[in-house]
Amino acid sequence: MSPHAHEPPAPFGVEVDRLDPEEVDGVLDDVFVHGRRCRLLDESGAVPGPQWLLAELGDGRITGSCPGDRWRRSDGPGTAHLSAPSLDPRVDRWRILEVLVFSAHAQIRLGEAAETGWVAIDSTEEGPEWLRPRDRSFLLQGWTGDDHGRTLEGETPMAITREPSGNEAVLPAPWTAPSGRLRHRPGSDRAALESRGTWLTVREYWAADPATGAVGVAFHRLTGVHNGTKPTGPEFDVGTGDQIEEG
């Protein structure tokens, strides 16, 4: 047996840096104490855009959206009954299982009890096509019919969705009920399914094992919550199930 521990291959196209305790405190203070934009996320190098929050706590979940200067969180008026209680990191950060604060260009992740934290951003390194990051989108609360979700009033997007079981959740985006229609490709007899709904978008980062050459997803980060037409590929032929190549 080799005396050296196995080191997994590093993901291509992303830089992950550890946060120091002061930076972790700053993230928690901005998001949960002051309710303002996460400054550390904006300082990661890109033009500031919307921010989103997904906090998994031992007693529930807090979600949030921040398209401007202030957060609208699920523990606020109108949705607090569907959310975990508000978090005061000065006294109860022990409740934290994981906190994700993310935007299109970067993600901050705080671990259990916020004892550790990391920021992940895209790198500029060049590489082969098969290792380049890929964007994916996943349907949220995939139940058809407008009666299973509604967008709340207010400038900041927020929606309540309900499953047939009666369980409800607060999404940090406007609500679009899941639907689909055939879209025929110009100059071709092939048709793709054009899907609509409310989506969580994710960027996958790949790595190649130097010993075997095997390639797989080694890291991912959340990039947004959107509604409307499916925001990322790939598309598949309705008849055969084959992936439709771009162009």
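The model is predicted: local features need pLDDT of at least 70 and side-chain atom pairs count only at pLDDT 80 or more, while totals for chains, interfaces and linings use all residues. Residues are numbered from 1 along each chain as its sequence is written, and side-chain values use heavy atoms, with hydrogens and water left out.

## The chain as a whole

The chain has two helices and 16 strands. Helices (H or I, at least four residues) and strands (E, at least two) are DSSP runs, numbered from the N terminus. Of its 247 residues, 41% count as buried. Buried means under 20% relative accessible area, exposed over 50%, and partly exposed in between, with a 1.4 Å probe and protein chains only. The accessible surface is about 13,700 Å², and 52% of it belongs to carbon and sulfur atoms; areas come from the Shrake-Rupley method with a 1.4 Å probe, and for residues only the protein chains shown count as cover. Of the contacts between residues at least 6 apart in sequence, 59% join residues at least 24 apart. Contact here means heavy atoms within 4.5 Å.

## The seven-stranded sheet

Seven strands form an open antiparallel sheet in the order S1-S7-S6-S5-S2-S3-S4. Its edge strands are S1 and S4 (72-73), each of which pairs on one side only. Two strands pair if DSSP finds at least two bridges between them.

| Strands | Bridges | Residues facing each other |
|---|---|---|
| S1 (14-18) and S7 (117-122) | five | Val-14 and Asp-122 |
| S6 (106-110) and S7 | five | Ile-108 and Val-119 |
| S2 and S3 | seven | Ala-55 and Ile-62 |

S6 and S7 form a hairpin with six residues between them. Most residues other than glycine have a negative phi. Ala-113, which is not a glycine, has a positive phi of about 60°, and Ala-114, also not a glycine, has a positive phi of about 55°. Ala-113 counts as buried because its relative accessibility is 17%. Ala-114 counts as buried at 6%.

Ala-114 is also one of the contacts of Leu-28, a residue of helix H1 (residues 21-33). Leu-28 is buried, because its relative accessibility is 0%. Neighbours within four places in sequence aside, Leu-28 is in contact with Val-33, Pro-89, Arg-93, Ile-96, Leu-110 and Ala-114. Leu-28 and Arg-93 are 65 residues apart along the chain, and their C-alpha atoms are separated by 9.1 Å.

## The three-stranded sheet

Another open sheet has three strands in the order S9-S10-S11, with antiparallel pairing. The edge strands are S9 (149-151) and S11 (168-171), each pairing on one side only. On average, neighbouring strands of this sheet are turned by 15° against each other, direction ignored. Axes are lines fitted to C-alpha atoms, for helices over the stretch in contact, and angles run from 0 to 180 degrees between N-to-C directions. S10 (residues 159-162) is joined to S11 by four bridges, and Arg-162 stands opposite Glu-168 in S11.

## The largest pocket

The largest pocket holds about 350 Å³ of space. Of the 21 residues that line this pocket, the closest to its centre are Leu-54, Arg-61, Thr-63, Val-170 and Leu-171. On a 1 Å grid over the protein atoms alone, a pocket is an open set of points where a 1.4 Å probe fits, with protein on both sides within 12 Å along at least five of seven lines; lining residues have an atom within 4 Å of a point. Grid points are joined across faces, edges and corners, and the volume is the space filled by probe spheres set on the points.

S2 (51-57), S3 (60-66), S11 and S14 (215-229) each supply at least two residues of the lining. S11 gives the most, with four residues.

## Thr-198

Thr-198 lies in strand S13 (residues 191-208). Thr-198 is buried, because its relative accessible area is 0%. With neighbours within four places in sequence left aside, the contacts of Thr-198 include Phe-138, Leu-171, Trp-175 and His-226. Phe-138 is 60 residues from Thr-198 in sequence, and the two are 8.4 Å apart in space, C-alpha to C-alpha.
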